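Please open the model in your viewer and keep the sequence panel beside it.

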Amino acid sequence: MPDSPTPGRRERKKAATRQAIADAALELFLEHGFDRVSVRDVAERADVSTTTLFAHFPSKEALVFDREQDVDAALAAAVRERPAGQGVVEALRAHALESWVPIVTDPRRAGFTALVGDTPALREYGERMWMRHADTLGGVIAEELGREPDDPACAALARFVLEVPALTTGRQDPRATVETVFDLLLHGWRAQAGPADPAADDPAD
């Protein structure tokens with residue numbers, strides 16, 4: 001009698017099934033449009049039952065944003081697991097350079113962005129997801145700095161950081177854009193603007 005699958009094997013199989021479903025969904029949505037593809041169509045393309053599909057994804061919209069939980073976990077880990085002596089902003093800069101720049105430069109990015117932008121249900125889902133990420137990141141930053149969970153400075157930093165992928169889109173050098181934005185977050189507008197904006201030195205302005 002064959003041995004039962006180990007937890008590691010089971011998890012890998014589940015992950016492979018989930019990825020196959022997400023890949024099938026994105027292919028169909030890009031080919032035909034989100035509204036013209038049914039959940040059953042996706043299940044058939046992935047060769048799974050609709051029950052299996054919903055075991056992995058709670059909604060049709062979630063099929064498009066299949067990495068939502070991974071992104072949330074990675075943001076938290078970037079702050080909590082940063083090297084000793086490294087600041088929060090520098091830790092998030094390193095995370096953005098390692099994880100976000102490759103996504104922005106992926107040739108499939110334009111099609112994905114257009115799909116979301118042209119589909120109201122996906123835009124709304126994406127906005128809610130963005131806020132969930134902002135809440136997670138702001139809370140983790142506050143926790144690491146010993147501040148209140150709703151600290152406004154930590155919440156603002158989280159939101160600024162999460163705008164980085166949008167700011168890099170369409171830029172010739174996404175990596176340089178990431179560096180510029182994080183330099184601004186780290187040193188402030190006064191250091192960034194310098195003598196080009198004398199009013200930056202005037203606290204009354």
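Throughout this tour, buried means under 20% relative accessible area, exposed means over 50%, and partly exposed means in between, with a 1.4 Å probe and protein chains only. The model is predicted, so local features need pLDDT of at least 70 and side-chain atom pairs count only at pLDDT 80 or more, while totals for chains, interfaces and linings use all residues. Residues are numbered from 1 along each chain as its sequence is written, and side-chain values use heavy atoms, with hydrogens and water left out.

**Stop 1: the annotated span.** Select residues 38-57, where UniProt, in an unreviewed entry, places the feature "DNA-binding region"; UniProt positions follow the numbering used here, feature names are shortened, and annotations may be inferred rather than shown by experiment. The span is 75% helix and 0% strand, and its end C-alpha atoms lie 14 Å apart. Helices (H or I, at least four residues) and strands (E, at least two) are DSSP runs, numbered from the N terminus.

**Stop 2: salt bridges.** A salt bridge here is a side-chain nitrogen of Lys or Arg within 4 Å of a carboxyl oxygen of Asp or Glu, and by this rule the count comes to ten. Select E68 and R132, whose closest N and O atoms are 2.7 Å apart. E68 lies in helix α4 (residues 68-80) and R132 in helix α7 (residues 120-145), so this pair ties together parts that are 64 residues apart in sequence. E68 is buried at 15% relative accessible area, whereas R132 is partly exposed at 35%.

E90 is partly exposed at 29% relative accessibility, while R93 is buried at 7%.

**Stop 3: the largest pocket.** A pocket is an open set of points on a 1 Å grid over the protein atoms alone, where a 1.4 Å probe fits, with protein on both sides within 12 Å along at least five of seven lines; lining residues have an atom within 4 Å of a point. The largest pocket holds about 1400 Å³ of space, the volume being that filled by probe spheres set on the points, which are joined across faces, edges and corners. Of its 37 lining residues, select F65, I103, R109, F112 and M129, the closest to its centre. Finish on α7, which gives the largest share of the lining, seven residues.
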